[in-house]
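Student: Can you walk me through the aromatic pairs and cavities here?

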Amino acid sequence: MVIRRDRVVDEIGRAAEGHRILDVVGSAGSGKTTAMVQYLASRSGPAAWLTLGEADGSPGRLVTYLAAALDEVVPDGLEHTLARLAARVSPADCASMLAEALPAGAALVIDDLHSIEARPPALAVLRAFTGAVAPGALVVLASRRPIHDVSRSVLDGTAARLTGDALAFTEQEIATLLDAHDVEAEPQEVARASGGWAAGIVFDAIRGRPAAGDPEDPFFAYLGAEVLAPIPPDVRAAVVTGAVLDIVEPQALAVLLDVPSADALYRAILHQHLPATIEPEGLRYHPRFREFLLSLLEDDPGTRREVLLRDGRRMRARGQMEEAADRFLEAGAPEDAAPCIEEAGSAVVLRGDWEKAQRWCCDLGEELLSRRPGLRAVQLEAVLAGGRHELPALAARLVASGEYARLAAQRPHAAVAAAFGVHLCGDWSAAARLLPRDEAGPAFRASRYVYEVGASSAPPRPWPEPEWPADRADLGMLECGLYFQGRFLEVEAIHVGAREPVAATPFFRIDALRELGRLGDARARLEATRASITAHSWREFFLHADGELTFAEGDRDGGLALVREAREVARSRAHQPADRAIFAATEGKMLVRMGRAHEAAAVLDDAMTWSHARGLPCFWETAATWRAAARLSDGEDPAAAIRLLRTAITGMDRAERRLEQPAAQVLLAEACWRQGDEDGHDAAADRALEVSEEMGSLSPLLVALADHPDVLARRIDAGGPRESDWRRLARAGDPPRVSGSGAGARVLIGTLGRPRIEVDGADVEVRPARAIDVAAEIARSGRRGVPRARLVAMLEEHSGDAQNYLRQIIHRLRRIAPEGVELQSADGVLRWSPAGAVTAEDDVLSALLAQAFRDTGDARDRTLRTALELADRGPMVACADDRAALGRRDELAGAVAEARREHARLLLAAGRAVEALATARAAAAAEPLREDGWYLAMQAAAAADGPAAALPVYAECAASLAEVGLQPSPGIRELLRRLRGAGRRVSPPAAGRNAAWSARGARAGRAPAGGSRPV
């Protein structure tokens, strides 16, 4: 019989008020669970319950159970959590995201928290969960003892606590309970004897027996004699045996007792009035009573082992392989546990519980692991995921014993993991030799591809796109090899049109986007996978990718710090190639580019020595390139730098490695110039341009030229057939820091055609209208943010109280921001968070136009087409046409017109004359005084419809120029004469001043008086 305790419910409500966490501490039997059930029933919001057990101390299992308990409260929470765990997001981060998704008014009770108090990894998950609970939600932590991690939050005021004293029954409540059970007893006496302890009241007063034994634990004092002794022996045996079950029910009890049916025994147990609760699934013993029963089983080891074995078989038959493995190991039956671990091991590792998988393997023993390749595969997966420092020695043992050959035949991915152990030592040639032939499976081919890129003096075997592997891990290895070859477009091709995440190593895509100059896309991708950076798997490479991107964005000190942190993580995980070669070369490169050549020299010398000793020419070449840069920076004799660079470039050419070759060629050009070799300078510069074009992007070359701008100036002065290409490089601006693809954007500020705001693809109304301008200005500022003072100045033309006007706008923008997107204000700066979540249309267009200067080949055509499709939405608009908005509009219009002309040139070169004519006409209409647009239109018209078609275009050009008193230039008249044939002339319209601005002059950026300067 349960009585209503409104007083306790009110106490809980008062304690929880204003807090997101409530810690309820009380001894077993103090009534915590009943009180929490009644409290949840008194609330109006959604509620969930999770009771923990000792088996729930693994981080991945705990967060999975949390998600399952909250699945009806947080829609799709379980599905998303499982997907994140599979994507190597750490259990702690998964728990944080789950807590952030709790709706206002929701409540979750986590009962029996003491079950995991000795499991620090599980407590870390709990700490992450409780630290991220959404405002308005409540998490109740019920435990027998104060938990240190929770106690700290109570002390600092972020959590509230309710103790067992508040749960104790008052005399009035005891009287009500006694009346409900028709027991004659004095409430005062029962209160004195039981101390208001719920279980004590039930078993002292209701049974009519006085409390006995230890006054601090009256429950255990009489359990044996007073509770079990009166029960018939067969029922008593069933009660004790059933203690191994979380929930006692007839079918499970029959298995444990090895009888056909336990229905009668189960009914008999229910009639005993044991300290237990009846739930829909069965009978749940009181925790302390269950502990007592299990202690009795401990006294009979043989019976206990047999009961555990039977329970393990029952779980195995139900498909509960993880639980079955635990049972079998508890029973000391590793042979029975082995097949369960083989089946459950990968899932346990995948959810982040690699420590549990390693404990399993340790309990099984080396002899059993060596006999079962499936078990060895689980061990290798677990070690690879979290304890890599053990992997090299393990791999060496497997090779020496001959077990590796069996793994390669029966468990390919396990063999790859073992080879990775050799890889970690830096001997990639040996790792490649370990692998069976490529035809044995894509896992072997993908691993060999990486090892050959890093360690071979010849290119790896070609891998055509139709043959690429389907497995995520194999794709990740392929991405690694493609990236270090400098094949960035192929890295991106792995992801285009596919559902994310494609590969298990998304940092190579981030690296490739950065190398392509798409900093905004790279940042959006990095932020989308930010949680994975704290995961146990590949964290060092995420940090490295973040560091290189941060450096490219302009925060050089921050980038260097991240790369140094990546080296520390790699060192702690025994990943020597990452620490001593890959990341070391990056650190040295950054130091050189920061003007700290002396520091760089020591780092790069060590990287070169280590890479050479282990036969890793790929990384030696990178370190040598930047060691040469350090020599040039220090003003040393260029001869030594030239020798280093020529050796590195020769190796790159031979093995078709392009990653660092544009930088190496630019440095070689600079060194040759210092030595007086002008021809060598020009040849190296031209080779740098060729290599960048082969890579599909001019961005690597532009980055190198930014450090040595004189190389660009000299190459332009030298002229030659590629002068126009070098001049185009001179016009390229900084790489775009906004995503041109819109990746990661939740809010789009419409600034083309008509002002608007779209949230997740739907227009939303926002007032005042100037809020759109403010939202766009903040979005354009990106991660840096925009000072409030600048926004106030922007609003002063339209408001007498700009400060208050801005506050109103900020309030309204925060109201329309979707969940997960914030308008943050700190230190007088406003910024949208996360980076890239809010973007302005004109900023996206600018990013695409800037990217078009960097792309080459088909990629350039695609980028220009995308940019012009966006520009066709209309000119840039603003709710208030202030000077800044008008200036940005003119600048953007000029850039769009230049993009149209460039696209027309590409279309003409590709033989697509009709498209080229339409594009060139649009450019000429936008800037009618720019003759190069008309020039292109005449060429396209002649190519599409014959030479005569150029005459009407020329006439339009002449008419436009005549309106401002100008004539077509000699260059455009010469074009017309060539197209019409020798000796034929065309009389221009009314005479006027000559528009002496040739197409060549326009490309060089020279404008006549009265003309608009190209952007």
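This is a predicted model: local features need pLDDT of at least 70, side-chain atom pairs count only at pLDDT 80 or more; totals for chains, interfaces and linings use all residues.

Tutor: Residues are numbered from 1 along each chain as its sequence is written, and side-chain values use heavy atoms, without hydrogens and water.

Student: How do the rings of Phe-484 and Phe-619 pair: stacked, tilted or edge-to-face?

Tutor: Rings of Phe, Tyr and Trp (its six-membered ring) pair if their centres lie within 6.5 Å; planes under 30 degrees apart are stacked, over 60 edge-to-face, the rest tilted. Here the centres are 5.5 Å apart and the planes at 85°, so the pair is edge-to-face.

Student: Which helices hold Phe-484 and Phe-619?

Tutor: Helices are DSSP runs (H or I, at least four residues), numbered from the N terminus. The pair ties together parts 135 residues apart in sequence, because Phe-484 lies in helix H28 and Phe-619 in helix H36.

Student: Which element gives the most to the lining of the largest cavity?

Tutor: A cavity is a set of points on a 1 Å grid over the protein atoms alone where a 1.4 Å probe fits but cannot get out; lining residues have an atom within 4 Å of a point. Of the 17 lining residues, Phe-484 is among the closest to the centre of the largest cavity. With five residues, the top contributor is H34.

Student: Which element gives the most to the lining of the second largest cavity?

Tutor: Phe-484 lines this cavity too, and the lining also includes Cys-618, Glu-621 and Thr-622. With three residues, the top contributor is H36.

Terms used:
Helices (H or I, at least four residues) and strands (E, at least two) are DSSP runs, numbered from the N terminus. On a 1 Å grid over the protein atoms alone, a cavity is a set of points where a 1.4 Å probe fits but cannot get out, and a pocket is an open set with protein on both sides within 12 Å along at least five of seven lines; lining residues have an atom within 4 Å of a point.
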